[in-house]
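Here is a walk through one protein chain, going from its overall layout down to single residues. Have the picture open while you read.

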Amino acid sequence: MGETFLHLVNLPFHEAGHVLFSPFGRFLQVAGGTIMQLLVPAVVAISFYMRKDRYAAAVGIWWLGESMADVAPYADDARAGQLPLLGGVTGSEVEDYHDWEVMLGKLGLLTWDHSIGSFFFVTGGVVMAAAIIWGVMVSFRQPEAD
């Protein structure tokens with residue numbers, strides 16, 4: 001996922017989340033990256049849905065699923081710390097640097113990293129598939145243009 005085009009779209013939102021959530025303490029500063037990465041596509045989907053643009057809402061939901069799948073390898077890597085992170089280091093090279101190691105460590109859930117990573121990957125795939133199905137259904141329900 002880290003080499004996909006959309007990872008580069010998600011990354012600025014992730015990093016902005018760290019900044020935006022920093023006034024709320026270290027834990028939320030760290031979690032803010034993932035929160036914001038998931039919140040932005042969700043807000044996009046809700047915004048389009050409220051404007052009654054169902055197809056665009058489906059695209060936003062698909063983006064949310066993709067973003068969840070993008071989080072998966074990062075969560076899965078919490079103990080191993082082998083993924084290259086922004087800054088050119090891995091989580092095993094710098095202490096207190098890997099978001100998911102910090103979050104799961106503080107919650108006492110570090111041994112759940114693979115399960116949480118799998119949850120994000122599978123759930124992201126299901127959300128993406130559901131969004132595609134909904135988008136196709138919406139496309140066929142559109143009234144014909146004059």
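## The overall layout

Starting at the N terminus, the elements of the chain follow the order α-α-α-α-α. That gives five helices and zero strands, where helices (H or I, at least four residues) and strands (E, at least two) are DSSP runs, numbered from the N terminus. Of the 146 residues in the chain, 37% are buried. Here, buried stands for under 20% relative accessible area, exposed for over 50%, and partly exposed for anything in between (1.4 Å probe, protein chains only).

A word on where this comes from: the model is predicted, so local features need a pLDDT of at least 70 and side-chain atom pairs count only at pLDDT 80 or more, while totals for chains, interfaces and linings use all residues. Residues are numbered from 1 along each chain as its sequence is written, and side-chain values use heavy atoms, with hydrogens and water left out.

## The largest pocket

How much space lies in the largest pocket? About 610 Å³. A pocket here is found on a 1 Å grid over the protein atoms alone: it is an open set of points where a 1.4 Å probe fits, with protein on both sides within 12 Å along at least five of seven lines, and lining residues have an atom within 4 Å of a point. Grid points are joined across faces, edges and corners, and the volume is the space filled by probe spheres set on the points.

The lining has 25 residues, and those nearest the centre are His7, Tyr74, Pro84, Leu85 and Leu86. Helices H1 (5-21), H2 (26-50) and H3 (54-76) each supply at least two lining residues, and H1 gives the largest share, with six. Sorted by class, the lining has 11 nonpolar, eight polar and six charged residues. In this sorting, Ala, Val, Leu, Ile, Met, Phe, Trp, Tyr, Cys and Pro are nonpolar, Asp, Glu, Lys and Arg are charged, and the others, Gly among them, are polar.

## Two salt bridges

Searching the whole structure turns up two salt bridges, each being a side-chain nitrogen of Lys or Arg within 4 Å of a carboxyl oxygen of Asp or Glu. One joins the side chains of Asp96 and Arg26, at 3.0 Å from N to O. Asp96 sits in the loop between H3 and helix H4 (99-107) and Arg26 in helix H2, so this pair ties together parts that are 70 residues apart in sequence. Asp96 is partly exposed, at 43% relative accessibility, and Arg26 is partly exposed too, at 36%.

The other salt bridge brings together the side chains of Asp113 and Arg79, at 2.6 Å from N to O. This pair also links distant parts of the chain: Asp113 is in helix H5 (residues 113-141), Arg79 is in the loop between H3 and H4, and they are 34 residues apart. Is Asp113 buried or exposed? With 0% relative accessibility, Asp113 counts as buried, while Arg79 is partly exposed at 42%.

Phe24, Phe27, Leu28, Ile35, Leu39, Val43, Leu107, Leu109 and Trp112 make a nonpolar surface patch of about 800 Å². Patches are made of residues with over 30% relative accessible area and no salt bridge, with nonpolar side chains (Val, Leu, Ile, Met, Phe, Trp, Tyr) joined within 5 Å and like charges within 9 Å. The areas come from the Shrake-Rupley method with a 1.4 Å probe, and for residues only the protein chains shown count as cover.

H2 gives the most to this patch, with five residues. Trp112, another member, lies in the loop between H4 and H5.

## Backbone angles and far-apart neighbours

Most residues other than glycine have a negative phi. Lys52, in the loop between H2 and H3, has a positive phi near 65°, and Lys52 is exposed at 65% relative accessibility. Lys106, in helix H4, is 79 residues from Phe27 in sequence, and their C-alpha atoms are 8.1 Å apart in space. Val138 lies in helix H5 and is buried, at 7% relative accessibility; 85 residues along the chain separate Val138 from Asp53, with 9.5 Å between their C-alpha atoms.
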